[in-house]
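Reader: I would like to go through the assignments in this model and hear the grounds for each. Please set the values against the criteria.

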Amino acid sequence: MSEMFAVKRGTTILTGKPFACALNSKCRTVRCDNCLKSGKLLKCSSCQYVYYCDRNCQKESWPIHKAECAHLRRVLPKIVPDAARLMARIILRLHRGGADEVGYYTETNSRKFKDLMSHYSDIKNDAKRLEHFTMLYGVLLEFLSDTLMPNVAELMGIYGRICTNSFNILDVNMNTIGVGIYLGASVIDHSCKPNAVAVFEGTTIMIRTLTDLPSLDWSQIRISYVDLLSSNEDRREELHGSYYFWCDCERCKQAEPMAQASSCPSVSCDSPCSIEDDDCKQCGAKLSQAFKETFREVTDFTAHQLEKMKTVAYLDVSKICLKKQKGVLHRFNVQHVRTLEMAHIAAMNLGRWEDAELYGKELAPGYQLYYGEVHPLTGLLYLTTGKIQLHLGKSKQAFEVLKKANMVLMITHGDKHSLVREELKPLLYQATMESNSDIHNGV
């Protein structure tokens with residue numbers, strides 16, 4: 001008899017409202033400061049800084065905004081750094097009894113703000129973070145009155161808790177639109193092979209299971225703190241730099257022949273090769289000095305271009321990189337997958353739908369390998385590809401890929417999430433109708 005799982009994959013095991021959160025300043029004129037939705041917005045007439053959907057959102061936000069409104073007005077036209085605004089909101093919250101607030105993660109287990117690890121000594125020994133803290137300290141001195149400012153040690157404790165416990169709040173397309181502290185959810189540890197995922201509906205966090213679990217044991221629940229589309233080495237460096245621990249999860253312990261691999265010089269062999277070797281372990285083809293040199297040049301060139309494209313993706317640059325990578329980088333090399341991602345994003349931004357479809361399809365195997373078949377980003381890629389194919393009149397292909405999107409997103413987001421209700425279901429319906437009509441018309 002197969003083992004019975006108490007918790008099925010696709011179960012919401014925790015939902016929570018933020019203890020404190022702040023909308024990204026780059027979104028402040030296009031998203032509501034309260035619910036984070038975009039749409040027709042009204043400016044706060046007093047500070048002229050924040051925007052709201054309507055009176056209701058303004059009213060809901062008033063308890064926290066009331067305390068910052070005058071300060072925001074005073075510093076205009078300066079934009080308050082996101083981390084400073086979140087820190088200020090936490091300080092204001094703690095001033096109003098927030099220290100006693102609890103966030104439950106089971107019926108009986110909960111956490112208060114002070115229970116969050118501050119990594120005080122790590123922060124003090126981290127030159128980059130200390131410099132950031134000093135800058136924020138100066139901003140907060142100007143922003144808050146002396147009566148509200150905690151002492152430096154307390155403030156560093158708050159800063160440390162933000163650095164190591166905050167969640168990026170994501171919109172339906174998995175773009176960061178804000179940052180928040182969630183007391184209950186902060187109990188969850190990291191793994192590069194997570195069994196759960198955090199998704200958002202507005203400011204509400206939902207932790208959903210990606211695998212079947214024998215029981216709900218919070219010491220075994222894992223989400224990923226970092227982007228999984230990177231090599232073991234890069235992920236471990238990032239985790240240590242940001243969260244002060246060396247990851248030793250099962251994925252980090254395994255060898256990863258693909259992440260930094262070259263193609264095999266033999267066109268008929270698809271095996272990944274290590275550039276340190278002299279021949280392909282699969283077919284014995286020689287990796288010449290010239291090939292190794294080309295590999296290093298292409299790798300350096302790609303790294304430089306990807307760094308430049310961190311804020312905006314360019315289609316022509318991505319295409320140049322892809323051309324150089326052909327026959328040099330293995331198709332599962334992280335840099336190659338990242339370049340395809342940039343090409344896909346850039347093509348969509350330009351409305352180049354044939355290109356966008358092509359790169360989306362080429363990107364899927366890389367996403368499946370690094371994120372896993374069941375992951376919000378994999379599901380979203382299927383959804384986007386289906387949407388593009390519908391636009392291009394390829395309803396049969398769209399229907400097949402949207403079914404895949406449905407399988408994934410029902411696990412990662414669930415049928416009540418706005419992404420599924422407002423985006424996926426209507427597209428699936430449209431694809432079904434158009435496919436049936438094609439069959440009926442003998443297309």
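Author: What follows is a set of questions on a predicted model, each answered from its values.

Reader: What makes E1 and E10 edge strands?

Author: Strand E1 (12–16) and strand E10 (196–201) each pair on one side only. The sheet is open and has 3 strands in the order E1-E11-E10, with antiparallel pairing. On average, neighbouring strands in this sheet are turned by 20° against each other, direction ignored.

Reader: How do you know that E1 and E11 are paired?

Author: Pairing requires at least two bridges between the strands. E1 and strand E11 (residues 204–209) are joined by 4 bridges and run antiparallel, so they count as paired. As for individual residues, Leu14 has Ile207 in E11 as its bridge partner.

Reader: Which helix packs on this sheet, and which strands does it touch?

Author: Helix H13 (residues 395–412) does, touching E10 and E11. The direction of H13 makes about 115° with that of E11.

Reader: Why is strand E8 called largely enclosed?

Author: Of the 6 residues of E8 (residues 176–181), 5 are buried, so the strand is largely enclosed by the rest of the structure.

Reader: Which strands pair with E8?

Author: Strand E2 (residues 20–23) pairs with E8 over 4 bridges in the antiparallel sense, and Gly178 in E8 is the bridge partner of Leu23. Strand E7 (residues 167–170) is also joined to E8 by 4 bridges, again antiparallel. There, Phe167 has Gly180 in E8 as its bridge partner. The hairpin of E7 and E8 has 5 residues between the strands, and in it Met174 takes a positive phi near 65°.

Reader: Why is Asn168 called partly exposed?

Author: The partly exposed class lies between the buried limit of 20% and the exposed limit of 50%. Asn168 has a relative accessibility of 45%, so it counts as partly exposed. Asn168 lies in strand E7. Leaving aside residues up to four places away in sequence, Asn168 touches Thr176, Gly178, Val179 and Phe200.

Reader: Is Leu116 buried or exposed, and what does it touch?

Author: Leu116 has 2% relative accessibility; buried means under 20%, so Leu116 counts as buried. Its place is in the loop between strand E6 (110–111) and helix H3 (120–124). Not counting residues up to four places away in sequence, Leu116 touches Arg111, Arg161, Asn165, Ile181, Leu183 and Ser186.

Reader: What makes the bond between Leu76 and Pro77 a cis peptide bond?

Author: Omega is about 5° for the cis peptide bond that joins Leu76 and Pro77. Pro77 has its place in the loop between H1 and H2. Most peptide bonds are trans.

Reader: Why is the phi of Leu36 worth noting?

Author: Most residues other than glycine have a negative phi. Leu36 is not a glycine, yet its phi is positive, about 70°. Leu36 is in the loop between E2 and strand E3 (42–43), and at 2% relative accessibility it counts as buried. His119 also has a positive phi, near 50°, and is a residue other than glycine. His119 is in the loop between E6 and H3. At 17% relative accessibility His119 is under the 20% limit, so it counts as buried.

Reader: Which residues are closest to the centre of the second largest pocket?

Author: Of the 33 lining residues, the closest to the centre are Asn34, Cys35, Leu36, Gly202 and Thr203. The volume of this second largest pocket is about 880 Å³. At least two lining residues each come from E2, helix H1 (55–75), helix H2 (82–95), E10 and helix H14 (418–440).

How values were computed
Residues numbered from 1 in each chain as written. Predicted model: local features only at pLDDT ≥ 70, side-chain atom pairs only at ≥ 80, totals over all residues. Heavy atoms only, no water. Axes fitted to C-alpha atoms, helices over the stretch in contact; angles between N-to-C directions. Contact = heavy atoms within 4.5 Å. Buried < 20%, exposed > 50% of the residue type's maximum accessible area, 1.4 Å probe, protein only. 1 Å grid on protein atoms, 1.4 Å probe; cavity = no way out; pocket = protein on both sides within 12 Å on 5 of 7 lines; lining within 4 Å. Points joined across faces, edges and corners; volume = space filled by probe spheres on them.
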